[in-house]
Amino acid sequence: MTSPIRTERHDNVLVIISDNPPVNALGQAVREGLADGIAEALADDSVEAIVVRCDGRTFFAGADITEFGKKPQGPNLPEALDKLEASDKPVVAAIHGTALGGGCEVALACHYRVAVPSAKIGLPEVKLGLIPGAAGTQRLPRLVGAQAALPLVAIGDPISAKAAKAIGLLDAVVGEDTLEADAIAFARSMVGKPVRRSSEGTANQDGVKNPAIFDDFRAKYGRKMRGFDAPNAAIEAVKAAGESSYADGVSKERELFGKLMTGSQSKAMRHYFFAERAANKIDDVPKDTPLIAINRVGIIGAGTMGGGIAMNFLSAGIPVTILEMKQEALDRGTGVMRKNYENTAKRGRMTAEQVEQAMGLLTPTLEYDDLADCDLVIEAVFENMDVKKQVFGKLDEVVKPGAILASNTSYLDIDEIAASTRRPGYVVGLHFFSPANVMKLLEIVRGEKTRDDVLASSMKLAKKIGKVAAVSGVCPGFIGNRMLSKRQEQANKLIMEGANHWDVDDVLLDFGFPMGPFQMGDLAGLDIGWHRDPSKVTTVREALCAAGRFGQKAGKGFYDYDEARQRTPSDEVKHIIADFAESAGNEQREISKEEIQERLLYPMVNEGAKILDEGMAQRASDIDVVWINGYGWPLHTGGPMFWAQEVGLGTVISGLEKHDLPVSDYLRTKAGAGNAFD
Ligand code: T1G
């Protein structure tokens, strides 16, 4: 098999080139070729300088993640990079695309780095539950200092070429179309000069010696790193860069890397990496299905959802026509959108021009006729089937043939909506999650008659607007809400049986969720949908509303809140619940946190198994993608279905049986057939 690495001679410069699609991952053959290329360059006296670059869409995008967990095959990357750095001939990395992880480490082992303006560079290993494993945590701080290195290593977001140049990670930003030539010229200009090795630098002494840098970093990012092992290890490794010799620092990095690689969090996060990409694939829709061009989008409804949905398209540069029934609602909706953009600009994540650019693509209207030439129309109107059918009936008349008609419904029957039109093949569910301009998840709900090109186009569009999408079949609650209802059912039962509602919330918080169901209720407002009759009390929520406990906005709900909206459990609520339970004839008892967790999470897994059994989700990993992106299931456990496999499907079954909860046949079958769903 030909090596993915080749060398090309340009007079006194040897260019080592990788051609390993799709992303020049540093798999075994690439590492071998790289080592050979380096040896060739060092052995040939007529070679006075070296350039390392990649063909295809990107510089090395990291180690080959598919090799993780398997028996390592030589040569290993750190050794190859040490040889590269040890060269006395100048070595220049020529970067385009995304130089990530091991790719960034290759660049760091080179003496100099040049990149095109559109390039990005970073160390995203923490997003896989790892830290850089080829001396990145030791070379980077020695090149740019601890302060600049910390976010790159411990948060893992890549930075632009411009930003990389500013911190000294890049030596030059070159022409977008002249990368190789500029890199060769740069290398030639370094011939005869002493090479600069990152490993010989000293991490920014005041930075590393100044503990405040690390304390400030933890203070700033502590919440984001909660429960994650890798970011804390990353901080330790960067600290070692300033406190130990390079060799000792590398050993420290290797020790931390080894622990993470064999730990459960990295296994879960690597599962998620591939799960997110697998979710893009629709098994029975051919890859070459022709796509419907979506150049203009119509949105029906300028409320919270409609406005949020519209922003996704505006931010992606797609013009939107947004329709309301009344001018006042239209003005309010567009005003909220502008406000949201302005707030983003205030936080420095958008420029004022970008705000105007986005808003400039928005056409508010009161007339359905203005939607005629939209390629996709999404309705985000009141969750009522009759209202939806009316809207789709109008759209059917007005919108050009071949356009996609989508509903943002969170549980209504897409097939019934489709049947109310003359174009059922063009009807699909696009279920966004509130706030729609923030939440990454999009459930693409496939109706019985939804065409392949409509599905494929919806999936492609999801990626274009920065969403993570999964396909769901038509069933109440689709994938996410259907499983959520099982958790909510148990949460309500648990407090009626004597569990403290704060224990229920804390179990989910400790598990890694952003908040529990009762905190969520207080945040959203307990009086949503309340009939406003304090004398009519049939549920705990009605009892709390009757007591004026509407949630955070009222300063009290399931919890009492201080000015900073810090919650404290309320004895009054405990009594309201206990009285309510007593009148309902419920025995109260102490309930352990272990029982709470089993009863909250295991029924979700069981419902996920039923969803798979009914073919409402393509694969178990799609369910993990839905829950991680739509409901805050902690990434470092891999999602409900992966987590259940790690717990053991047999253990889940015993837990369900212990609490007299239903167990699906499908779950039993999978438990018996090797403890794996997919
Ligand atoms: N290894 C193996 N396959 C990879 C890969 C990788 N590093 N990166 C991407 N792929 C596959 C991906 O599964 C998909 O396959 C195809 O390439 C296109 O990817 C030693 C230990 C580079 C920004 O974390 O962030 O280096 O589905 O759909 O949206 O210290 O891929 O087509 O069959 O994502 O244009 C560190 C991970 C590894 C980067 C491109 N590196 N990749 O995004 O395409 S750990 C990363 C990405 C490491 C060192 C440590 C993105 C991308 P398929 P895609 P994209």
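Biologist: Which residues come nearest to the ligand?

Modeller: The model is a predicted one. Among the 27 residues around the ligand, those that come nearest are Arg 57, Ala 63, Glu 105, Gly 133 and Arg 277. By class, this shell holds 15 nonpolar, five polar and seven charged residues.

Biologist: Which element supplies the largest share of the shell around the ligand?

Modeller: Helix α12 does, with three residues. At least two residues of the shell come from each of β5 (98–100), α3 (102–109) and α12 (264–278).

Biologist: Why is the pair Arg 188 and Asp 11 called a salt bridge?

Modeller: The rule asks for a side-chain nitrogen of Lys or Arg within 4 Å of a carboxyl oxygen of Asp or Glu. The closest N and O atoms of Arg 188 and Asp 11 are 3.8 Å apart, so the pair meets the rule. This pair links distant parts of the chain, 177 residues apart: Arg 188 belongs to helix α7 (residues 179–189), and Asp 11 to the loop between β1 (5–10) and β2 (13–18).

Biologist: How do you know whether Asp 11 is buried or exposed?

Modeller: Exposed means over 50% relative accessible area. Asp 11 has 63% and is therefore exposed. Arg 188, at 34%, falls between the limits of 20% and 50% and so is partly exposed.

Biologist: What of Arg 532 and Asp 527: is each buried or exposed?

Modeller: They form a salt bridge at 3.8 Å between the closest N and O atoms. Arg 532 has a relative accessible area of 52% and is exposed, whereas Asp 527, at 11%, is under the 20% limit and therefore buried.

Biologist: Which residues are linked with Arg 6 in a network of salt bridges?

Modeller: The network joins Arg 6 with Glu 8, Arg 53, Asp 55 and Glu 180. The side chains of Arg 6 and Glu 8 meet at 3.3 Å, N to O. Arg 6, at 31%, is partly exposed, and Glu 8, at 26%, is partly exposed. The count of salt bridges comes to 48.

Note on methods: Residues numbered from 1 in each chain as written. Predicted model: local features only at pLDDT ≥ 70, side-chain atom pairs only at ≥ 80, totals over all residues. Heavy atoms only, no water. Buried < 20%, exposed > 50% of the residue type's maximum accessible area, 1.4 Å probe, protein only. Helix = DSSP H or I, 4+ residues; strand = E, 2+ residues; numbered from the N terminus. Near = heavy atom within 4 Å. Nonpolar A, V, L, I, M, F, W, Y, C, P; charged D, E, K, R; others polar.
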